[in-house]
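User: I am new to this structure and would like to understand the surroundings of its ligand. Please take me through them step by step.

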Amino acid sequence: MAKKINFDKKVNRIGSDSIKFANLDKRYGSHDIIPMWVADMDFLSAKEIRKALKKRVKKGVFGYPYNDKSIYNSIYSWQERRYGWKIKKGSISLASGVVNSIAFLIQAFSKVGDNIIIQSPVYQPFARTIKENERKVSRNSLVLKNGKYEIDFKDFQKRAKDAKIFILCNPHNPTGKVFSKKELLKLAEICLKNNVLIISDEIHSDFLYDDKKHIPIALLSKHISKKTITLNAPSKSFNIAGLMTSYVICEDKKLEAIYKNYLKKFELMDNNIFGTLALKIAYKSCEEWMDETVEYLQKNRDFAINFIKNEIPLLKVIKPEATYLLWIDFRKIGLKPSELEKFLITKAKIGLNNGLIYGKEGSGFARLNFGTQRNILKIALENLKQSINDFIV
Ligand SMILES: Cc1ncc(COP(=O)(O)O)c(C=O)c1O
């Protein structure tokens with residue numbers, strides 16, 4: 001396939017209302033920082049999406065939306081084409097953000113004081129929404145063995161006995177783990193046995209490397225699907241997170257009714273005309289863009305891993321099987337975990353996510369977003385190498 005997109009071309013994100021690039025001075029005390037934290041990419045979105053949005057803006061009327069079938073059909077078709085999931089018709093609802101939906105689902109399906117299982121280190125809003133809603137975080141910590149994260153099933157089984165919900169993150173942020181069919185079946189079996197609802201956040205499912213396959217947990221069996229609510233979105237895949245559009249897949253009518261009643265009660269059924277248009281165009285017309293993006297990202301991933309292995313051997317990286325996030329183990333350089341973030345900002349001049357925000361299991365780690373131009377990634381890694389060399393002499 002001939003390459004169409006020049007991902008190496010610098011995109012100026014200053015002035016694009018980007019949380020990653022705004023107020024660098026305020027956030028880091030300097031504007032001379034490469035921000036590599038929040039999970040969006042420094043690439044232009046696909047030209048088909050930009051063209052469709054432009055055309056829509058030209059119409060000049062932006063009243064309340066009506067979502068015709070073509071929007072839902074584009075989601076059914078994407079899920080079937082990409083993952084072989086033939087979703088039962090009528091099982092998809094549009095939503096704003098995935099995190100919003102997680103908060104609504106926690107409210108709709110649990111009570112104050114209930115336990116909710118997460119697999120930390122994990123995307124920080126999981127724990128935050130659980131706590132903010134006065135539920136209890138039950139941490140089934142992932143276990144790092146020979147550079148790979150594994151599930152402690154014994155611990156999961158114990159926790160499932162008195163939990164209401166399990167929030168699965170597959171592929172997993174920040175570790176980049178893709179759960180295998182065997183792992184998913186075992187997790188699901190324990191949840192079913194203990195009547196634990198599975199909320200499966202699959203937002204990173206389009207970024208898969210090497211021969212990895214994404215398996216939606218609800219696809220594994222009818223029984224599992226009856227106990228699962230899946231969340232996904234085009235926002236990461238097509239770099240349109242600011243359009244705040246995602247979707248909820250729930251094939252069980254009883255669960256769906258509970259969720260929909262909750263939304264109705266608080267009038268949370270609206271969505272955004274630009275977001276839904278972008279979703280439809282992305283899923284219908286931008287698959288090649290997606291594939292090319294993943295190809296470029298895989299090269300970024302390999303570049304970063306090789307660079308660190310050869311040039312900064314004190315650091316260890318967890319090779320991501322998915323996502324554009326690199327989970328780096330800094331524990332051998334001899335810094336206190338509480339000092340790591342400041343070191344990275346002031347000495348390496350890069351803005352990463354401090355591993356501690358993902359739970360205590362992230363202590364001594366940091367997350368680097370490699371969804372950027374390769375030369376920027378190279379500069380960031382050279383800075384990192386220099387700062388560590390200076391520190392350890
Ligand atoms: C696992 C995971 N879920 C959800 C989100 C955010 O989704 P949304 O912007 O739709 O709330 C992110 C963003 O980084 C994420 O990594």
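This is a predicted model: local features need pLDDT of at least 70, side-chain atom pairs count only at pLDDT 80 or more; totals for chains, interfaces and linings use all residues.

User: Which residues are around the ligand?

Analyst: The 4 Å cut-off for heavy atoms decides which residues belong to this group. By that criterion, the residues around the ligand are Ala39, Gly97, Val98, Val99, Tyr123, Cys169, Asn173, Asp201, Ile203, His204 and Lys236.

User: How does the shell around the ligand divide by class?

Analyst: Tyr and Cys count as nonpolar here, and Gly counts as polar. On that basis, the shell consists of six nonpolar, three polar and two charged residues.

User: Which side chain has an N or O atom 2.8 Å from an oxygen atom of the ligand?

Analyst: A polar contact requires a pair of N or O atoms within 3.5 Å. For the side chain of Asn173, the distance to a ligand oxygen is 2.7 Å, and for that of His204 it is 2.7 Å. The distance of 2.8 Å belongs to the side chain of Lys236.

User: How much of the area that the ligand exposes when taken alone does the protein bury?

Analyst: Taken alone, the ligand exposes 400 Å². Of that area, the protein buries 90%.

User: What is the volume of the pocket in which the ligand sits?

Analyst: The ligand sits in the largest pocket. The lining of this pocket comprises 22 nonpolar, 16 polar and nine charged residues. The volume of the largest pocket is about 1,200 Å³.

Key
Residues are numbered from 1 along each chain as its sequence is written. Side-chain values use heavy atoms; hydrogens and water are left out. A polar contact is a pair of N or O atoms within 3.5 Å; within protein, one must be able to donate a hydrogen and the other to accept it, and residues adjacent in sequence count only if both atoms are side-chain atoms. Accessible areas come from the Shrake-Rupley method with a 1.4 Å probe; for residues, only the protein chains shown count as cover. On a 1 Å grid over the protein atoms alone, a cavity is a set of points where a 1.4 Å probe fits but cannot get out, and a pocket is an open set with protein on both sides within 12 Å along at least five of seven lines; lining residues have an atom within 4 Å of a point. A molecule sits in a cavity or pocket if more than half of its atoms lie within 2 Å of its grid points. Grid points are joined across faces, edges and corners, and a volume is the space filled by probe spheres set on the points.
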